[in-house]
Amino acid sequence: NDDARKAVALALDRQAIVDIAYSGFATVSRMPVAAGSFFDEQERFLDQGIYGTGQDIEKAKELAISSGLVNQEIRLINNGASDSMVVAELIQDNLKAIGVTVNIWTLDTGSWLGVIFDPTQWDLAVDFTLGSSLVGAYGMWYSMHGGGTYDDEEWVGSDRFAELYSIASKEPDDIKRGDMVMEMTELLAEGLIWYSLVDMSSAIAYSKDMQSFTQRMDGSVDYMKISW
């Protein structure tokens with residue numbers, strides 16, 4: 001529920017995640033996807049809702065109580081990458097401070113997709129977003145993963161979000177599209193269907209000897225073109 005998601009978000013020390021999990025090579029997120037990564041980003045999209053609030057342990061405790069989250073045991077999954085495991089442990093420690101027990105389930109990359117697309121197996125997941133445009137990133141995450149929940153469960157604002165995405169993805173006028181993206185950003189910040197933690201300075205590293213390294217429009221790597 002909304003209060004439970006907000007309790008989790010307000011409990012997190014995202015600067016500690018930057019400093020410990022990424023050795024400072026990241027910044028605290030200011031919107032639901034990586035700021036500064038999209039050609040259609042605008043200053044007004046930043047710091048909406050909890051993204052502009054930051055950690056608030058006392059408020060997190062209040063919401064944890066009102067939502068029934070206190071004294072619950074929740075399962076947090078990660079894909080076994082070194083950074084994801086550290087992030088999971090930091091989340092575990094933060095939620096302990098508001099009376100919530102987190103059990104971490106570290107998966108291997110082979111079983112990760114099988115588990116994350118079955119939301120009955122977990123409560124929280126450490127994951128990432130990609131995209132070439134802000135509209136595209138919102139839409140890809142929403143359409144592929146049911147709004148970040150990895151199922152098709154509806155959430156407050158989901159119908160309006162889907163309507164806005166359908167229109168914004170075809171809108172050529174920058175101002176009109178920006179107004180729609182602003183509303184989409186507000187809906188995501190309020191609903192916290194997912195909560196962006198950090199913006200990494202660089203998500204991908206590769207050898208200088210690698211040939212034909214290219215990325216697709218969604219940000220993923222085109223492995224078929226790589227050679228040595």
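This is a predicted model: local features need pLDDT of at least 70, side-chain atom pairs count only at pLDDT 80 or more; totals for chains, interfaces and linings use all residues.

Visitor: What makes glutamate 163 partly exposed?

Guide: Its relative accessibility is 41%. Buried requires under 20% and exposed requires over 50%, so glutamate 163 counts as partly exposed. Arginine 160, at 32%, is likewise placed in the partly exposed class.

Visitor: Why is the contact between arginine 160 and glutamate 163 called a salt bridge?

Guide: The closest N and O atoms of arginine 160 and glutamate 163 are 3.1 Å apart. The criterion asks for a side-chain nitrogen of Lys or Arg within 4 Å of a carboxyl oxygen of Asp or Glu, and therefore the pair qualifies. Both residues belong to helix α7 (residues 158-168), and because they are three residues apart there, about one helical turn separates them.

Visitor: How do you know that aspartate 179 and arginine 44 form a salt bridge?

Guide: Their closest N and O atoms lie 3.0 Å apart; the limit is 4 Å, so this pair also meets the rule. It links distant parts of the chain, 135 residues apart: aspartate 179 is in helix α8 (residues 174-191), and arginine 44 is in the loop between β1 (26-28) and α3 (57-67). Aspartate 179 is partly exposed at 42% relative accessibility, and arginine 44 is partly exposed at 34%.

Visitor: Why is lysine 208 called exposed, whereas aspartate 209 is called partly exposed?

Guide: Lysine 208 has a relative accessible area of 74%, and exposed means over 50%; therefore lysine 208 is exposed. Aspartate 209 has 46%, which lies between the limits of 20% and 50%, so aspartate 209 is partly exposed. The two side chains meet in a salt bridge, with 3.6 Å from N to O. Elsewhere, salt bridges that share partners join Arg30, Glu43 and Asp47 into one network. By this rule the count is twelve salt bridges.

Visitor: How do you know that the buried residues of helix α5 line one face?

Guide: The buried residues of α5 (residues 109-116) are Trp112, Val115 and Ile116. Viewed down the helix axis, they fall within an arc of 85°, so they line one face. These residues pack against β2 (73-78), β3 (101-106) and β4 (124-125), while Gly110, Leu113 and Gly114 are exposed on the other side of α5.

Visitor: What makes aspartate 108 a cap of α5?

Guide: A side-chain oxygen of aspartate 108 lies 2.9 Å from the backbone nitrogen of glycine 110, at the N-terminal end of α5.

Definitions and conventions: Residues are numbered from 1 along each chain as its sequence is written. Side-chain values use heavy atoms; hydrogens and water are left out. Helices (H or I, at least four residues) and strands (E, at least two) are DSSP runs, numbered from the N terminus. Buried means under 20% relative accessible area, exposed over 50%, partly exposed in between (1.4 Å probe, protein chains only). The arc is that of the directions from the helix axis to the C-beta atoms. Contact means heavy atoms within 4.5 Å. A polar contact is a pair of N or O atoms within 3.5 Å; within protein, one must be able to donate a hydrogen and the other to accept it, and residues adjacent in sequence count only if both atoms are side-chain atoms.
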